[in-house]
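Please read the following account with the sequence and the model side by side.

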Amino acid sequence: MFWETQPVGQFKDLRNANLPKGPIEPPTHISEVKEEPYNLPNLYEWVTCDMNSEDTCDEVYNLLSNNYVEDDGNMFRFSYSKEILRWALHPPGYYKTWHIGVRVKSSKKLVAFITGIPARMRVRSEIVSMAEVNFLCVHKKLTSQRLAPVMIKEVTRRVHLENIWQAAYTAGVVLPTPITSCQYWHRSLNPKKLIDIGFLSLGPGMTMSRKLNLYKLPNSPRTPGFRKMEFRDVPAVTRLLRAYLMQFVVAPDFDELDVEHWILPKEEAVDSYVVESPEDHKITDFCSFYTLPTSILGHPTHSILKAAYSNVSTKTPLVHLMNDALIAAKQKDFDVFSALDVMHNETFLKELKFGPGGSQLHYYLYNYRIKDILRPCELGLVLL
Ligand code: NHW
Ligand code: EN5
């Protein structure tokens with residue numbers, strides 16, 4: 001088994017509380033990192049994907065929208081847009097060499113993909129340089145050929161070449177071993193469409209009109225001073241976000257440049273709002289969610305929009321703030337607002353009529369052992 005050979009927490013060690021915490025393997029000198037890429041089966045070759053190239057970005061988009069993550073009933077497939085992919089892969093300090101493709105040598109067709117981006121992560125009081133690994137995808141026709149382990153080893157090698165020895169990643173499947181397992185929650189914004197496409201079921205004793213009534217939202221946000229975030233808000237939002245994230249055991253260590261990249265609104269990718277106090281014009285709260293179009297498989301109506309979030313509140317109660325986030329998302333024509341039970345989200349999910357989704361999301365660290373498995377509310381990290 002591949003994962004048994006990797007420096008990750010193993011299932012058999014779960015009961016052993018005495019293992020040392022922190023890095024599982026010590027770093028080596030970069031000069032000792034293998035210089036040549038790992039061997040692929042002979043038909044294939046490695047490529048570095050330049051996501052600024054329109055053609056390459058198109059190829060990656062097509063590979064993912066046809067082969068990436070589906071729900072357990074294969075009714076929906078994540079369909080990250082080119083805007084989101086570019087945004088997701090170009091944070092401050094990104095490495096182009098960490099955007100890795102596999103092509104068929106003869107036809108040059110792109111058949112597999114994996115990415116890393118750099119991030120500073122805080123684990124308790126330690127700041128650890130990490131890679132966040134995402135968008136691992138193998139063309140449906142080539143699965144079960146053990147390509148994924150080679151791709152993971154290759155991204156690991158390229159991360160090591162930048163003197164980085166830890167990584168964070170999420171997956172819907174259970175691997176050795178989660179630092180926490182979170183539940184997806186969904187809040188219907190457009191129940192009629194969600195029922196039409198089978199995302200939501202009407203349920204016994206429910207009528208469409210009762211359903212529509214249940215999920216009705218006001219036409220505009222309720223909190224006075226709730227407005228779209230602007231560039232000038234970056235310092236205040238950074239302060240709020242840093243203070244909020246300090247409450248969690250594992251969370252990113254964001255500076256102003258990170259906030260400018262990850263939080264400042266970007267069309268088709270991320271929406272963020274602040275509450276500016278009408279009295280003294282101070283920024284007291286902020287919330288944010290990203291766009292994730294999802295293909296509806298085998299249905300004439302195409303593409304539903306999902307949103308996730310990351311949020312902070314100091315003054316406005318979190319429930320009110322998130323209610324305004326729902327209203328804002330509804331106004332922007334999103335069909336569903338999704339969230340995980342991470343951070344303090346448990347405090348508003350039920351009250352704001354989110355329902356538990358069909359699947360879980362497991363969080364992992366590579367080459368880093370933490371003291372105990374975390375509760376979702378101890379986690380301050382959202383990956384795209
Ligand atoms: S999770 C989304 C992953 N993508 C999808 O689900 C898309 C649809 N599926 C596929 O494309 C978000 C294929 O099924 C994939 C597997 C490519 C998933 N993570 O090649 P084989 C991310 O992108 C293990 C990790 O035959 P396949 C996070 C599996 O347990 N490992 O499988 C990515 C088995 O190992 P075992 C996964 O179906 C994080 C082996 O792969 C996995 O053709 C990556 C089988 O390989 C998954 N999602 O392709 C890790 N799914 O030991 C980063 C399966 O059990 C680690 N496997 O025999 C850190 C690296 C950086 C470190 C830096 C210091
Ligand atoms: C992340 N970076 O299954 C990559 N999504 O619940 C890895 N279900 O949307 C992610 N099957 O529950 C991998 N509707 C894990 C996620 C894979 C995608 C996935 C789930 C999350 C999902 C929907 C559709 C299920 C269709 C049948 C779902 C019900 C929602 C309803 C809302 C109102 C209250 C009750 C529940």
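A residue is called buried if 20 or more other C-beta atoms lie within 10 Å of its own, exposed if 12 or fewer do, and partly exposed in between, the C-beta atoms being placed from the backbone. Gly101 is buried because 22 other C-beta atoms lie within 10 Å. This is a predicted model, in which local features need pLDDT of at least 70 and side-chain atom pairs count only at pLDDT 80 or more, while totals for chains, interfaces and linings use all residues. Residues are numbered from 1 along each chain as its sequence is written, and chains are lettered from A and ligands numbered from 1 in the order in which they are written.

Gly101 belongs to strand 3 (residues 99-104), where helices (H or I, at least four residues) and strands (E, at least two) are DSSP runs numbered from the N terminus. Leaving aside residues up to four places away in sequence, Gly101 touches Val47, Cys49, Leu110, Ala112 and Phe113, contact meaning C-beta atoms, placed from the backbone, within 7 Å.

Around ligand 1 there are 34 residues, the closest being Phe2, Leu136, Thr143, Ala148 and Ala167; a residue counts as near if its C-beta atom, placed from the backbone, lies within 6 Å of the molecule. Two or more residues of this shell come from each of strand 5 (126-138), helix 3 (147-160) and strand 6 (166-171).

Strand 6 is also joined to strand 14 (residues 355-366) by five bridges, and the two run antiparallel, pairing being assigned if DSSP finds at least two bridges between strands. Thr170 stands opposite Tyr363 in strand 14. Strand 14 is likewise antiparallel to strand 7 (residues 180-188), with six bridges, and there His186 has Gly355 as its bridge partner.

Note on methods:
Two residues are in contact if their C-beta atoms, placed from the backbone, lie within 7 Å.
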